[in-house]
Amino acid sequence: NFLPILNLQFNYELENDDRLDLSGDRNWNLAAVLTFPLFKGGANYTNLRRSRAEKRQTELTTYAMEDYLITETRRISRQLITSALQVESNRTGLEYARENYDILRSLFEQGMLTSSEFLDAETMLFSAESNLISTYYDFITAIYELNKYTTLKEVQ
């Protein structure tokens with residue numbers, strides 16, 4: 001692609017006597033074209049460099065995506081463990097809130113407790129139930145997100 005090209009074109013008109021006659025202006029046509037593929041060769045080289053750069057960019061993007069998947073899988077695994085611990089903690093908190101509610105209800109029925117204090121126990125029980133439901137939701141969401149990253153063939 002980088003070598004020069006020489007094109008020769010020759011045209012000769014035969015006259016009536018079918019002999020070679022070198023006299024006259026109309027008998028000979030000779031054209032010589034010498035081309036140097038500077039721009040074409042430069043374009044080929046530029047395209048080669050561009051394709052190598054695109055290939056390298058694709059490889060680096062692939063490596064970055066693999067690193068991202070591994071990092072996200074580790075992060076979500078840690079989040080899943082934290083969510084599981086929070087579920088256990090909130091479950092224990094709900095049990096304590098139920099026991100507290102039962103004790104305060106018993107005291108309220110006996111008339112030893114005001115209604116505002118009993119209302120506080122109900123609020124605490126409702127809050128504990130809401131916290132447990134919220135942490136269950138976070139735990140389930142973390143499981144689905146972890147499945148999203150670990151079901152890819154590259155991560156397994």
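What follows walks through the fold, the cores, the aromatic pairs and the salt bridges of this chain.

The model is a predicted one, so local features are kept only at pLDDT of at least 70 and side-chain atom pairs only at pLDDT 80 or more, while totals for chains, interfaces and linings use all residues. Residue numbers start from 1 along each chain as its sequence is written, and side-chain values rest on heavy atoms, with hydrogens and water left out.

On the overall layout, the chain has two helices and two strands, where helices (H or I, at least four residues) and strands (E, at least two) are DSSP runs numbered from the N terminus. Read from the N terminus, the order is β-β-α-α. Of the 156 residues, 16% count as buried; buried here means under 20% relative accessible area, exposed means over 50%, and partly exposed is in between, with a 1.4 Å probe and protein chains only. The chain exposes about 12700 Å², and carbon and sulfur atoms supply 57% of that; the areas come from the Shrake-Rupley method with a 1.4 Å probe, and for residues only the protein chains shown count as cover. As for contacts (heavy atoms within 4.5 Å), 63% of those between residues at least 6 apart in sequence join residues at least 24 apart.

The buried residues of H2 include Phe118, Leu125, Thr135 and Tyr149.

Next come the cores, a nonpolar core being a set of buried Ala, Val, Leu, Ile, Met, Phe, Trp, Tyr and Cys residues joined through side-chain atoms within 4.5 Å. The largest one has 11 residues, among them Val87, Tyr101, Leu113, Phe118 and Leu132. Helix H1 (38-109) and helix H2 (115-150) each supply at least two residues of this core. A second, separate core of six residues includes Leu69, Ile76, Leu80 and Tyr149.

Threonine 135, in helix H2, is buried at a relative accessible area of 7%. Leaving out residues up to four places away in sequence, threonine 135 touches Gln86, Val87 and Asn90.

Two aromatic pairs turn up in the structure; rings of Phe, Tyr and Trp (its six-membered ring) pair if their centres lie within 6.5 Å, with planes under 30 degrees apart counted as stacked, over 60 as edge-to-face and the rest as tilted. The rings of phenylalanine 108 and phenylalanine 118 have centres 4.9 Å apart and planes at 5°, so this pair is stacked. Phenylalanine 108 sits in H1 and phenylalanine 118 in H2, so the pair ties together parts that are 10 residues apart in sequence. Phenylalanine 118 is buried at 11% relative accessible area, whereas phenylalanine 108 is partly exposed at 34%. Ring pairs also link Tyr101, Phe108 and Phe118 into a cluster.

The whole structure holds six salt bridges, each a side-chain nitrogen of Lys or Arg within 4 Å of a carboxyl oxygen of Asp or Glu. One of them joins glutamate 72 to arginine 75, with the closest N and O atoms 2.8 Å apart. Glutamate 72 is buried at 13%, while arginine 75 is partly exposed at 38%. Arginine 91 bridges to glutamate 88 at 3.1 Å, and arginine 105 meets aspartate 102 at 3.9 Å, N to O. Arginine 105 and aspartate 102 both lie in helix H1, three residues apart, about one turn of the helix. Salt bridges with shared partners also join Lys55, Arg56 and Glu59 into one network.
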